[in-house]
Amino acid sequence: MGLAAPLWLQTPDGFQISGRCPIVKLKLAGPPSRVPESPRHERDPSCASHRGTMALRRQLWQKPPRLCTLSALGAPRQDAPFRRNAVSSSSATPGRRRLASQAASQAAVQHPQFAEFLPPRDRTELDDVLSAVQTKDTSQILEAFLAWADVLADTSSPLNDAAVRQAQDLPGPTFSEILRSLDPVASQAHDVAHGLNVTQGQTQFTDVGDLVDEFGVRTRHRRLLPALQVLMALRAASRNGLTPSDYEVCLRCAGAAVDYQAAKAIWTSMAGHGAQESRTSKTWNEFVKARFITEALYYQFDRSRVANLARDMYSNRTPLPMATLKRMDGMRLSINALKREPWNRRPDEPDEDLRRLFRRRADFRGYKGHWIRALYYGHEMDEALLCTSMIAFARSSSLHSIKTMIFKNYYGIDIEEAADQPARVHVSGGVNLPPDSPIRPTARLLDAIVEAFGSMSHIPLGMKLVDFVSRRYDVPIPAETWSNILSWTYLCASKPFKPMRRLHGDWQATATTAADVRQVWDVMTSEPYNVQPSFDDYDVYIKTLITQRSFGRALDIIRQQIQPYYNSLVEEYEKALLDEILQNDIPLPLPSSSSASTSSSPLTSPAHRRRLQAQLRKDDAHHRISTWFDRLLKTASSNRGHRAGPVARVLIPDLLAEFPDFFHHQLRYRTDQGLVQLARPEATRRFEWSRGWRTTLPQKRAGIHVRDVEGADQPDFPWPQVPTMRVLEWRRRPKTRLGKLGRAPADEDKREWWDRLEEELMR
C-alpha cells in the first residue's frame with residue numbers, strides 16, 4: 001500500500017469535501033472472473049460484492065462515516081428534486097401514474113444525488129414489494145414488505161433517506177393497493193391455518209412450527225403490525241397523507257395481532273394528523289372490532305378466549321358467600337398453574353387475562369362509554385355497527401344494555417323475564433322496517449346474536465331471539481349460524497364454564513348441558529333447516545356422544561362420515577406434496593442477485609403454500625380424531641359397567657385393529673382386572689416425551705385479599721401476586737415436520753431424502 005493521496009469530492013449541492021485516499025497497488029494473478037453476488041450483500045452497503053480474484057480492502061464507493069452526518073447530501077424529503085415511479089415501464093409516458101397491479105419496471109433505479117457514495121442498485125425494496133403485489137403471492141408480499149419496512153425504520157442506513165422519499169412520494173392508489181394486499185380480513189390466503197383453532201394441547205401432538213407465538217397469536221400478524229405502523233407514520237407526515245380506508249386496513253391488522261393498544265393509537269393518530277373529519281361509521285366500526293376483539297379472526301378462532309367466566313363477572317353489588325368466591329378463585333388459579341405459556345394474556349401485563357380486561361363496564365374502558373362517544377360523533381347507525389356493539393357489550397356481560405339500547409331502542413323488541421322463573425323469557429314486539437333501512441336485520445344480525453349471547457352463556461335466550469328475529473323479519477337462518485350455536489352450546493356445557501356458572505348462582509338462566517347440545521343438533525339437522533354438518537359440527541357432536549357414553553352412535557358417524565372425509569384430506573395432501581416435488585424439479589433461471597422477493601421462486605411458492613395448508617388441515621383432523629378415541633378410553637375406564645363388560649373386553653381391542661393410525665404408540669385403559677398398558681412399536685411416533693422443569697405463570701391475587709388495603713383502587717397500586725412454583729413434569733414434544741422439500745436428488749444412492757419423504761407421508 002502506498003501513501004495517501006488527496007481526494008476532492010463535490011456534492012450535487014456544490015459543497016466540496018476534502019480527504020485523503022490511500023493508494024493501493026494491485027497485482028492480478030490472472031484474468032478477472034465473475035463471482036456470484038449475494039442478495040443480502042447487495043442490499044447492505046457495508047457488505048460489498050467482490051469481483052475478480054482480488055479486490056480492494058475498502059470499496060471506493062463505500063460511504064465514509066464522516067459523510068453520514070452531512071445534511072447537505074439530500075434535499076428535504078417532502079420536496080424531492082426527482083420523481084420516483086417504481087412501477088412505470090421504460091416506455092411509459094413521463095409523469096403518468098401507474099398502479100401496483102401493472103408491470104413493474106426492470107430498468108435500473110437512478111439516484112443522481114448518491115451516485116458517488118452508494119453502491120449500484122438495479123432494484124429497491126419498494127420495487128420488490130410492487131412485484132410481489134403484482135404476482136399476488138402472499139408469502140412474497142410479506143417478506144418484501146418487511147424488508148422495505150426495515151430500511152424505513154433504520155435511520156442509520158444510507159438507504160433510509162431515499163426509501164423514505166419513495167414511500168412519501170408514492171401515488172395514493174398505489175399505496176392503498178399495497179395496504180389492501182396485506183389486509184388479513186380481505187383475503188384468507190394470508191393465514192395458511194385460517195379457520196383452525198390451534199390450542200395449547202395441539203401444540204404437544206402436532207408441529208405447528210412458527211405459526212403462533214408464545215401468546216397464542218398468529219406470528220404473521222404480529223410481525224406485520226410493527227412494520228405497518230412504521231410505514232403509516234412516515235406516510236401520514238407527507239403531503240399525500242392517508243385515506244380513511246388506509247386507517248381501516250391498519251385497524252384490521254391491529255385486531256388480527258390482538259393488540260388493543262395499537263388499535264387505540266391508530267384511532268388517536270387520525271386526529272393527530274387532521275383526519276378526524278374523515279372518520280365514518282365504518283371507521284368507527286373497525287376500531288370497535290379491534291378494541292374489543294369481536295371477530296373470530298381476532299380471537300384466533302378460539303371461542304374460549306372471549307367466553308365470560310363467572311369468576312370474572314363477580315361484582316360487589318351482588319356479593320357471594322366467601323366460601324363460594326374462594327372456590328371459584330381456586331379454579332382460576334388451578335387453570336393458571338396448568339398453563340405452560342401465557343396464551344390469551346396481555347403482552348404488557350402477562351399476569352392478566354384478556355377476559356379480565358374486557359369485563360370492565362364503567363369509565364372509558366367499558367363499551368358503554370364508547371357507545372356514548374359514537375352517539376356524540378353523529379355517525380350513521382347501521383346494522384353492522386349494531387352487531388359489533390352487541391358483541392362488544394357482551395364482552396363485559398352487559399345483558400341489560402343489549403336489551404334496552406339495541407333491541408328495544410332500534411328494533412322495538414321487548415325481552416321480559418318471568419319474576420318467579422328467570423329461565424323463562426318472553427320475546428315480543430318488533431317494529432316494521434322498510435327493505436332499504438340500514439338497520440334491517442339480515443343473517444349478520446342473527447350471527448351476532450349467537451356470538452353475543454353465547455359468550456355470556458345465555459344459550460336459551462339467544463336461540464329464542466334468533467328464532468324470533470328470523471320469523472319476524474323473514475330472515476332464513478344460515479348453516480354457519482347453526483354451527484355457531486352448536487359450538488357455543490358445547491363450550492358453555494364444558495369445563496370450566498359450566499362448574500363456575502353453577503357456583504355463581506344464576507344456574508337456571510345459564511343452564512347448559514350435554515343434552516342441550518344434542519337437542520341443537522337434532523333441530524339443525526331436521527326439517528325445516530336440514531343443515532349439512534361440517535367437520536367442526538361432527539367434532540362437537542361426537543365428543544358429546546362420547547361424554548354421554550353413546551359409543552355405538554359415535555363410532556357409526558366416524559365410519560360413515562369422518563373416515564371418508566379424512567381420506568380426502570390425505571389424498572389432497574399427497575397431491576400437493578407431489579405437485580411441489582414436480583415443480584421443484586423444473587429448472588428455473590437464476591434469480592437476480594439484488595432482488596429480495598426472489599428468495600422463493602414464483603413457481604414453487606404457491607405449491608409450497610398449498611402443501612403446507614393441506615398438511616395443517618390433515619394434521620388438525622388427525623389430532624381431533626385421536627382425541628375422540630383417547631376420550632373414549634378415559635370414559636370407558638371411569639365406568640364400572642364398561643370396565644367389566646364388552647366395552648373393555650371386545651370393543652376397545654376391535655377399535656385398535658380397525659383404527660390403528662389414530663391411537664398413539666403408548667396407551668392405557670382400565671378393566672375390571674386392573675390397568676392395561678400397551679406399547680405399540682409399529683405405530684407412527686408423532687411425539688416424544690421429555691422431562692424438565694418449568695415455572696408457573698404469574699397471576700394476580702383476588703380483590704378480596706386487598707379489600708382493606710389503602711390505595712388499592714389506584715391505577716399504580718402494586719397488586720400482590722400468587723407465588724410462583726417450579727414444576728417438574730413430563731411433556732410431549734412433537735416431531736418436527738419437513739419445511740421445504742427441495743429438489744429430489746438424481747443419484748439413486750442418496751436414500752436419505754427419500755426416507756425423509758416417506759416419513760412425512762406416514763405422519
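Guide: A residue is called buried when its relative accessible area is under 20%, exposed when that area is over 50%, and partly exposed in between. The model in view is predicted. With that cut-off in hand, we may turn to helix H17, which comprises residues 479–492. The buried residues of H17 are Thr481, Trp482, Ser483, Asn484, Ile485, Leu486, Ser487, Trp488, Thr489, Tyr490, Leu491 and Cys492. Because 12 of its 14 residues are buried, H17 is largely enclosed by the rest of the structure. The length of H17 can be checked as well: at 1.5 Å a residue, its 14 residues should span 20 Å, and the C-alpha atoms at its ends are 20 Å apart, which agrees. An α-helix has 3.6 residues a turn, so residues three or four places apart point the same way.

The axes of helix H9 (residues 281–292) and helix H12 (residues 367–377) come within 12 Å and cross at roughly 170 degrees. Angles over 145 degrees count as roughly antiparallel, and H9 and H12 are therefore roughly antiparallel to each other. On the H9 side the contact is made by Trp284, Phe287, Val288, Arg291 and Phe292, and on the H12 side by Tyr367, His370, Arg373, Ala374 and Tyr377. By class, the residues of this contact divide into seven nonpolar, one polar and two charged.

Trp284 is found in helix H9 and is buried, its relative accessible area being 0%. Not counting residues up to four places away in sequence, Trp284 touches Trp267, His370, Arg373, Ala374, Tyr377, His379 and Leu385. Between Trp284 and Leu251 there are 33 residues in sequence and 9.9 Å in space, C-alpha to C-alpha.

The charged side chains come next. Side chains of opposite charge can pair when their charged atoms come close. A search of the whole structure finds 47 salt bridges. One of them joins the side chains of Arg123 and Asp128, at 3.2 Å from N to O. Arg123 is buried, with a relative accessible area of 9%, and Asp128 is buried too, with a value of 2%.

Another salt bridge pairs Asp329 with Arg311, the closest N and O atoms being 3.2 Å apart. Asp329 lies in helix H10 (residues 322–338) and Arg311 in the loop between H9 and H10, so the pair ties together parts that are 18 residues apart in sequence. Asp329 is buried, with a relative accessible area of 7%, and Arg311 is buried, with a relative accessible area of 6%.

The side chains of Arg559 and Glu658 also meet in a salt bridge, at 2.7 Å from N to O. This pair links distant parts of the chain, with Arg559 in helix H21 (residues 551–584) and Glu658 in helix H24 (residues 646–658), 99 residues apart. Arg559 is partly exposed, with a relative accessible area of 35%, and Glu658 is partly exposed, with a relative accessible area of 38%. Elsewhere, salt bridges that share partners join Lys618, Asp619, Arg737, Arg756, Glu759, Glu760 and Arg763 into one network.

To return to the part requested, helix H17 is largely enclosed by the rest of the structure, since 12 of its 14 residues are buried.

Key. Residues numbered from 1 in each chain as written. Predicted model: local features only at pLDDT ≥ 70, side-chain atom pairs only at ≥ 80, totals over all residues. Heavy atoms only, no water. Axes fitted to C-alpha atoms, helices over the stretch in contact; angles between N-to-C directions. Helix = DSSP H or I, 4+ residues; strand = E, 2+ residues; numbered from the N terminus. Parallel < 35°, antiparallel > 145°, perpendicular 65-115°, else oblique. Contact = heavy atoms within 4.5 Å. Nonpolar A, V, L, I, M, F, W, Y, C, P; charged D, E, K, R; others polar. Buried < 20%, exposed > 50% of the residue type's maximum accessible area, 1.4 Å probe, protein only. Salt bridge = Lys/Arg side-chain N within 4 Å of Asp/Glu carboxyl O. Expected span 1.5 Å × (residues − 1).
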